[in-house]
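Open the model in a viewer and keep the selection tool at hand.

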Amino acid sequence: MSGFNTSLLHDGVDDYPNGATLVPIYQSSAFKHESAEELERIFDNKAMGFSYTRINNPTIEAFEKRITKLEKGFSSVACSSGMAAIFNSIANIVRQGDEVVASCGLYGGTVELFEDLESFGITVKYVADNKPECFEELITDKTRVVFAETIGNPKLDVTDIKAVADVAHAHGIPLIVDNTVSTPYLIQPITLGADVVVNSSSKYINGSSDAISGILTFNGKFKFDKEKYPGLKPYLKFGPMAYIIKLRNGLFRNTGGCLSPQNAFLNNLGLETLGLRMERHCSNAYGLARYLDTFEGITVNYPGLESSPYHEVADKQFTKGYGAIITFRVGSKERAFKIINALKIPNIVSNIGDTKTLVIHPASTIALHLSGKDKEASGVYDDLIRVSVGIEDIDDLKEDFSAALESTDNE
Ligand SMILES: *Cc1c(COP(=O)(O)O)cnc(C)c1O
């Protein structure tokens with residue numbers, strides 16, 4: 001067993017043509033073949049190979065293989081965005097009349113996607129709290145997916161993956177986990193029982209915010225019951241590849257949310273420093289959270305602080321850090337805006353996982369379209385600021401935040 005960074009640089013990395021040390025960009029929409037028979041075998045899932053980039057491509061496959069290794073999964077499908085990956089991961093196995101049970105502090109985009117699913121006859125029920133017993137309560141004989149985020153964005157609640165996986169499996173249902181905020185650096189949900197892991201690789205995996213993309217990884221182990229999941233029936237003969245082959249032969253290729261080879265290249269490149277960046281992101285976030293916590297009139301939410309209701313689960317699951325997203329409440333929306341405007345280092349950006357520190361006022365932006373009730377369920381309040389802590393020097397960040405807080409101290 002090699003360490004995370006060694007594995008990151010070497011596992012799943014093939015030999016590339018002409019001794020290239022980075023995977024080349026196969027900027028080709030289609031791939032030619034020696035014979036009609038050969039192409040037939042590929043289309044009939046009897047041979048591996050490339051035919052058309054909407055289905056697969058060598059640069060994209062290189063990215064998929066590396067994420068599969070990092071997430072300790074069996075096979076992955078890269079998509080045009082994190083949202084496309086989430087949609088594909090769920091829609092691959094649900095049909096009209098089915099239900100999804102989801103954790104409560106989900107990413108706003110995912111909550112909106114789940115509203116869209118309603119018009120296809122798929123109902124999503126949210127747990128009141130991310131406790132395993134709350135998932136159990138909502139599962140019915142129509143439930144086909146349990147969905148959770150490792151660290152909810154922006155609520156920063158931490159799901160006990162093993163416990164929730166046990167609940168889902170007791171009902172013969174797979175657990176799908178969005179691992180975007182934690183990344184495989186902090187945790188590999190598959191090793192704790194998750195069946196499918198989704199990452200918005202637009203964030204930490206890419207690292208520099210230069211490409212939108214997402215990826216889903218299947219564990220190759222979950223046994224889909226053919227009565228419960230009739231759509232999978234024709235694919236069960238592919239064993240551990242059933243879920244992925246169904247996706248590539250169906251929904252994924254038909255909805256066309258493929259990744260571009262250029263963006264796959266940027267992800268392959270960014271991935272090389274994921275471990276180094278995450279180490280710094282996490283230590284900066286821990287330092288900044290503790291520092292902000294010393295200011296009066298500020299309430300800091302960070303799984304690394306003992307005051308977080310999720311600290312215990314976080315401590316149990318993560319060994320290398322607590323992620324790099326912090327939220328804090330400052331008393332009023334007005335003050336939140338003033339602080340954001342007074343900060344000099346962070347960019348005001350609707351994104352996370354950049355090398356640079358980013359700040360946003362979630363209630364007026366990413367959570368704008370959520371109802372008041374849904375906002376609170378997502379941990380969003382009018383006076384809340386979210387920080388995606390970057391890899392700058394911690395002393396500079398502390399100085400900048402302290403100046404911004406002090407300049408708005410008098411209200
Ligand atoms: C950003 C994000 C997504 C969506 O990813 P895109 O690549 O922007 O489509 C999904 N889940 C979480 C937790 C995210 O932070």
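Two strands pair if DSSP finds at least two bridges between them. Helices (H or I, at least four residues) and strands (E, at least two) are DSSP runs, numbered from the N terminus. This is a predicted model, where local features need pLDDT of at least 70, side-chain atom pairs count only at pLDDT 80 or more, and totals for chains, interfaces and linings use all residues. Residues are numbered from 1 along each chain as its sequence is written, and side-chain values use heavy atoms, leaving out hydrogens and water.

Select strand E1, residues 75–79. Five bridges join E1 to strand E7 (residues 214–218), and the two run antiparallel. Cys 79 has Gly 214 of E7 as its bridge partner.

Next, select Phe 328. Among its contacts (heavy atoms within 4.5 Å) beyond four places in sequence are Leu 292, Val 300, Leu 384 and Phe 401.

Finish at helix H14, residues 333–342. Its buried residues are Arg 335, Ala 336, Ile 339 and Ile 340. They lie on the same side of H14 because they cover an arc of only 135° around the axis, taken from the directions from the helix axis to the C-beta atoms. The face turned away from them carries the exposed Glu 334 and Asn 341. Strand E10 (347–348) and helix H16 (394–407) are among what covers the buried residues.

Conventions. Buried < 20%, exposed > 50% of the residue type's maximum accessible area, 1.4 Å probe, protein only.
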